[in-house]
Amino acid sequence: MPLSADERRALAKLASAGHNGVTQSLLTMHGVHPSMVAELVGRGLASMTQEKVGAAGGMVEVVTIRITGAGRDALAAEG
């Protein structure tokens with residue numbers, strides 16, 4: 001299935017983030033809706049991990065999104 005312009009933009013953002021990926025919060029600030037992230041994850045184009053990290057006042061759960069090999073391939077195929 002071809003990628004929409006928004007999906008290409010989201011995958012490009014993930015690809016430029018490298019191995020560390022991007023937090024869901026940062027993607028949202030860049031206009032990538034969580035439902036799109038869920039779709040990309042569901043299609044195997046991105047992966048999502050949750051972890052707790054120390055922050056001022058306690059622990060905070062952070063969701064990190066990374067592009068997968070399939071996501072890189074789909075982005076490259078779109079040129």
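Select Asp6 and Arg9 to begin: both sit in helix H1 (residues 5–17), three residues apart, about one turn of the helix. Helices here are DSSP runs of H or I with at least four residues, strands are E runs of at least two, and both are numbered from the N terminus. This is a predicted model, in which local features need pLDDT of at least 70 and side-chain atom pairs count only at pLDDT 80 or more, while totals for chains, interfaces and linings use all residues. Residues are numbered from 1 along each chain as its sequence is written, and side-chain values use heavy atoms, with hydrogens and water left out.

Now show the side chains of Asp6 and Arg9, which form a salt bridge at 3.9 Å, N to O (a side-chain nitrogen of Lys or Arg within 4 Å of a carboxyl oxygen of Asp or Glu).

Next, select Arg43 and Glu7, another salt bridge, with the closest N and O atoms 3.0 Å apart. Arg43 lies in the loop between helix H3 (34–42) and strand E2 (46–55) and Glu7 in helix H1, so the pair ties together parts 36 residues apart in sequence. Is Glu7 buried or exposed? Glu7 is buried, at 5% relative accessible area (buried is under 20%, exposed over 50%, partly exposed in between, with a 1.4 Å probe and protein chains only).

Shared partners join Glu7, Glu39 and Arg43 into one network.

Finally, zoom out: the chain has four helices and three strands, in the order α-β-α-α-β-β-α.
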